[in-house]
Amino acid sequence: MTTSTTDDTWIESFTVELRLRHVSGPAIGDAIAGVRELLTDSGQSAEEAFGSPREYAASLELPTMNTREQRIRTVLLPVLGLFTFLIFSVASTARFDQDLVLVSVPQLLLLGIPVLLTVLFAFPFYPRAVIRQRWLPVVLMLVAGASGGLAALVAPASADDAWLMGSALPLLIGTGAVLVMLSVVGTVATLRSRDDDEIIAPLHAPDDEGRPRDWSQLRIAVNWLFPLMAVVVFTMAWVFSLLRP
């Protein structure tokens, strides 16, 4: 018996629920194999046999990963990266303008909103809500984008209006170096956690064609997202300065 589309959807939701509970990849692979085996033997649908994916995942006592290390990798590094990237963006614009970074209190508060939205991922209720409510990621992206746009509008026009002021070039070099360092740390952490993250069916040999796709390269690429965005922002600021009369 092969599982139906409905059963595949159930197993996909079940996998997400186990991920949210920080279950290791091999343990998830074992649990999915057990579900598929029972469905084949009983002929029942996944919903009939196990109930809702959330309740069944909660009923299992499966080994979990080190949540402290995982939170550092999935929350702390992105928060630091986002905060550093925002400073880099402000410094990039200032470098080709008056060469001074001017920051007002309202601007700082608005720039803190995307950081706060990222920090909330450290609390279990928040990532669960983001994954389960499909409209919520769109709302969060709109809020983060709007706060960034408003922050640019309330930027001080002169040094007299600024709450914080500093030279752009040292800030640009410092934040750029920090972005690269955070990406290196994230890449090392991703490579170290690969064996715990990867979902492997228990009967698959290491070179089995049925082995799930390896997403490690994509996860490594995500670690370098902020440096790539920084290059784009810096290039745009430079081009706009050339076009300025």
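**Questions on a helical chain**

The protein chain has 12 helices and 2 strands, where helices (H or I, at least four residues) and strands (E, at least two) are DSSP runs numbered from the N terminus. This is a predicted model in which local features need pLDDT of at least 70 and side-chain atom pairs count only at pLDDT 80 or more, while totals for chains, interfaces and linings use all residues. Residues are numbered from 1 along each chain as its sequence is written, and side-chain values use heavy atoms, with hydrogens and water left out.

Biologist: In what order do the elements of the protein chain run from the N terminus on?

Modeller: The chain holds 12 helices and 2 strands. Written from the N terminus, the order of these elements is α-α-α-α-α-β-α-α-α-β-α-α-α-α.

Biologist: How many salt bridges does a search of the whole structure find, and which side chains meet?

Modeller: A salt bridge is a side-chain nitrogen of Lys or Arg within 4 Å of a carboxyl oxygen of Asp or Glu. Searching the whole structure gives 1 salt bridge, and its N to O distance is 3.8 Å, between the side chains of Asp 8 and Arg 36. Asp 8 lies in helix H1 (residues 5–20) and Arg 36 in helix H2 (residues 25–42), so the pair ties together parts that are 28 residues apart in sequence.

Biologist: Is Ser 147 buried or exposed?

Modeller: Ser 147 is found in helix H8 (residues 136–153), and, leaving aside its neighbours within four places in sequence, Ser 147 is in contact (heavy atoms within 4.5 Å) with Leu 110, Ile 113 and Pro 114. Buried means under 20% relative accessible area, exposed over 50% and partly exposed in between, with a 1.4 Å probe and protein chains only. Since the relative accessibility of Ser 147 is 3%, Ser 147 counts as buried.

Biologist: How is helix H7 placed relative to H8?

Modeller: Helix H7 (residues 125–132) and H8 pack with their axes 7 Å apart and at an angle of about 110°, the axes being lines fitted to C-alpha atoms, for helices over the stretch in contact, and the angles running from 0 to 180 degrees between N-to-C directions. Tyr 126, Ala 129 and Val 130 of H7 make the contact with Leu 136, Pro 137 and Leu 140 of H8. Angles under 35 degrees count as roughly parallel, over 145 as roughly antiparallel, 65 to 115 as roughly perpendicular and the rest as oblique. H7 is therefore roughly perpendicular to H8.

Biologist: What is the relation of H9 and H12 to each other?

Modeller: The axes of helix H9 (residues 168–192) and H12 come within 9 Å and cross at roughly 150°. From H9, Leu 172, Leu 179, Val 180 and Ser 183 meet Phe 226, Pro 227, Ala 230 and Phe 234 in H12. H9 and H12 are therefore roughly antiparallel.

Biologist: How far apart in space are Ser 89 and Leu 172, C-alpha to C-alpha?

Modeller: Ser 89 lies in helix H5 (residues 67–95) and is buried, with a relative accessible area of 17%. Although 83 residues separate Ser 89 and Leu 172 in sequence, their C-alpha to C-alpha distance is 8.5 Å.

Biologist: What relative accessibility does Trp 238 have?

Modeller: Trp 238 has its place in helix H12 (residues 225–243). Trp 238 counts as partly exposed, because its relative accessibility is 44%.
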